[in-house]
Amino acid sequence: MRNLISPFPPDGNESAPFEALLRLLDQDRELAGQKYESLRRKLIKFFEWNFCFLAEDLADETFKRVEQKIGREDIRDVAAFAWGIAKNVRQEARKTIGRTIQISGLTEKEKSRADSDGVEKTVGEKLQRERRFECLQLCLERIPVNDRELFLAYHNVKGESLAYRKELAKRLGLTLGALRVKVNRLRNQLERCVGQCAAARRVNPRKIT
Amino acid sequence: MTDEAQHRPNLSRYLLGQVSPQEREQIEGLYFRDDELFEELVSAENDLIDRYIRGDLGETEKEHFEAHFLSTPERVQRVEFARSLASAAFAGNMPASTRTNLRPAISRLFVRLAAAALLASLIGLAWMVVANRRLHHQLEEAQQGQIKAQEETEELRRKITDLQQPAGASGQTGNLPAPGSAILSLVLAPDLVRSNAQQVTVQLSPMISRVVLLLRCSNDNFSPYEAVLETVEGSQVWQKKNLISMPEGNEGTVVSVDIPANVLKRGDYVARLLGAAIGQKPTELGVYSFRVTHVTEK
C-alpha cells in the first residue's frame with residue numbers, strides 16, 4: 001500500500017500517475033489523501049463482500065487502472081469511476097476463483113484424509129485461540145484509554161441493541177453515525193493488530209509483540 | 001440519513017450473498033456515494049459476525065454465513081477475532097489494565113469543566129479582592145481631596161470677609177491696595193445710612209488698574225441693577241448696566257461695580273444705584289459718595 005506520509009514514493013515511475021489521482025480527488029493534498037484512503041477502504045470491502053480473495057491487492061489493481069485512465073477519459077466522479085473499474089476486476093477475479101478447487105469440492109476419500117488428524121487439529125486450534133486472546137489483550141492496551149473504553153462499552157452488551165447504541169452515542173456527545181465510524185475503525189485497527197501479533201507468534205511463540 | 005430499520009434486512013442479505021444482481025448493483029452504487037451507508041454496512045457486517053459467534057443466527061442465515069461468508073482467509077480471521085473478543089468481554093477475562101469501570105467520557109468532561117470553573121472562580125475572587133482594595137484606596141484619596149477643597153473654600157471665604165470691612169461711619173479710607181495688587185475693592189453704604197456722613201476716600205496708586213465698589217443694598221428685588229458714576233457737579237463719567245447682587249454674609253446684599261481706575265481722576269464722586277422692577281422704569285435705590293486721591297498727593 002502506498003505510504004502517503006513519506007515524501008519519497010516507493011517507485012519513481014509510479015509517482016506521477018498517483019499524484020494525478022490525488023489531484024483528481026482534491027486540490028488540497030491532505031484532503032485528497034483522506035479521500036484516497038476512504039475510497040480504498042470502500043474498494044477493499046467491495047471485493048470482500050463479493051467474496052473475492054486478496055481484496056487489498058484487487059483494490060490496488062483497481063486504483064492502478066484508474067490512474068491509467070486519467071488524462072484519457074473525462075473522470076468527473078472518481079468514486080463512481082473506480083466502482084465501475086472494480087466491477088471489471090471482480091469479474092476477472094471470479095474467473096480465477098472458478099479455476100480453484102474448493103475444499104468442499106473434494107471427494108469423501110480426500111476429505112477424510114484431510115481430516116484424519118482431528119485431535120491435532122483441535123489442539124492447534126486451541127493454541128491459536130489462546131494466542132489470539134493474548135494478542136487481543138496486548139492490542140487493546142496499545143490504543144488510548146478513551147478509545148478502549150468506548151470499544152468495550154459498544155461491545156459489552158448481548159445483541160446489537162440500537163437503543164443502547166443511541167444512548168451511548170448521546171452520552172458521548174456523538175451522533176449514531178459518528179459512533180459507528182469510530183467503532184468500525186477501532187475494530188479494523190484491532191483486527192490488523194491481532195492478526196500481525198498472532199502471525200508473529202506462530203513464527204516465534206516466545207515473541208511478545 | 002439512512003433509515004436503519006428499513007435497510008437492515010437488505011444489508012444482511014447483501015452481506016450473505018442473498019440479493020439479486022440488480023439489488024447488489026443498487027446497494028453498491030449507493031454505498032460508493034453515501035459514506036454513512038457504507039459505515040452502516042461495515043457495522044452490520046461486524047454485528048453479523050458477532051451474532052454468529054454468539055449463536056444468534058437462524059439456521060438459514062447460519063448456513064449462508066458458513067457457506068459464503070467464511071469463504072476467504074481474511075474473513076476467517078475476522079471471525080476468530082470476534083470469537084476472542086466475545087470470550088474476553090463476556091467472560092470478564094480482560095487484564096486488569098483493561099478491566100476499568102466504564103465512565104462515560106461526558107462525565108470526565110464534566111469533571112474537567114467543573115475544575116476549570118472552580119479555577120476561574122478562584123481567579124475571579126482574587127481579582128475582586130484586589131480591585132476592591134484599589135477602589136477603597138481611591139475612595140480614601142477622594143475623601144481627603146474633598147476635605148482639602150472644603151478647607152480651601154473656607155479660607156477663601158474668610159479672605160473675602162476680611163476684605164469687606166465697613167468704611168462709611170468712621171470716615172475710614174478705603175483699603176489701600178496690597179503691594180503688587182492691581183484691584184482695589186471697598187464696601188460703601190448709602191449716604192443716608194452712614195451715621196456720621198464722613199467722607200470715604202479712595203487712594204489710588206499707579207499699581208491699581210481697577211476699583212471694585214461693593215454697594216450695600218437693602219432691597220434685592222430689582223435685579224439686574226444699573227450703576228451711574230457722576231462728579232459732585234453732576235457730570236456723568238461712567239455707567240454700567242446689568243449688574244447683579246450677591247449676598248453679604250447674613251446682612252443683606254451688595255452690588256459689585258467694577259470701575260476702571262483710569263476713569264477716577266482726583267476729586268469727589270457720587271455713585272448712583274438704580275434698579276427697575278419688571279415692566280417699570282428704573283428708580284434710584286441709593287447714592288454713594290466718595291473722594292478719590294492719588295498716592296502721589298499729600
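## Helices α2(A) and α3(A)

In this predicted model, the axes of α2(A) and helix α3 (residues 55–69) of chain A come within 8 Å and cross at roughly 125°, where axes are lines fitted to C-alpha atoms, for helices over the stretch in contact, and angles run from 0 to 180 degrees between N-to-C directions. That angle makes α2(A) oblique to α3(A), since angles under 35 degrees count as roughly parallel, over 145 as roughly antiparallel, 65 to 115 as roughly perpendicular and the rest as oblique. The crossing is right-handed, a term for a near helix turned clockwise from the far one by less than a right angle, with anticlockwise giving left-handed.

On the α2(A) side the contact (heavy atoms within 4.5 Å) involves Y36(A), L39(A), R40(A), L43(A), I44(A), F47(A) and E48(A), and on the α3(A) side A55(A), E56(A), L58(A), A59(A), D60(A), T62(A) and F63(A). By class there are 9 nonpolar, 1 polar and 4 charged residues; Ala, Val, Leu, Ile, Met, Phe, Trp, Tyr, Cys and Pro count as nonpolar, Asp, Glu, Lys and Arg as charged, and the others, Gly among them, as polar.

## Helices α2(A) and α3(B)

Helix α2 (residues 29–49) of chain A also meets helix α3 (residues 35–54) of chain B, their axes coming within 12 Å and crossing at roughly 45°, which makes α2(A) oblique to α3(B). This crossing is left-handed. Among the residues that make the contact are R41(A), K45(A) and W49(A) of α2(A) and F38(B), L41(B) and E45(B) of α3(B), and the contact residues divide into 4 nonpolar, 1 polar and 7 charged.

## A buried arginine

R132(A) lies in helix α6 (residues 118–142) of chain A and counts as buried because its relative accessibility is 11% (buried is under 20%, exposed over 50%, partly exposed in between, with a 1.4 Å probe and protein chains only). Leaving aside residues up to four places away in sequence, R132(A) touches V194(A), A198(A), E80(B) and S84(B).

## The sheet of chain B

In chain B, 5 strands form an open sheet of mixed pairing in the order β2-β9-β8-β4-β5, where two strands pair if DSSP finds at least two bridges between them. The edge strands, each pairing on one side only, are β2 (201–204) and β5 (236–243), and the twist averages 25° from one strand to the next. Strands β8 (residues 267–275) and β9 (residues 283–294) of chain B run antiparallel and are joined by 9 bridges, with G267(B) opposite V292(B) of β9(B).

## Conventions

Helices (H or I, at least four residues) and strands (E, at least two) are DSSP runs, numbered from the N terminus. Residues are numbered from 1 along each chain as its sequence is written, while chains are lettered from A and ligands numbered from 1 in the order in which they are written. Local features need pLDDT of at least 70 and side-chain atom pairs count only at pLDDT 80 or more, whereas totals for chains, interfaces and linings use all residues, and side-chain values use heavy atoms, with hydrogens and water left out.
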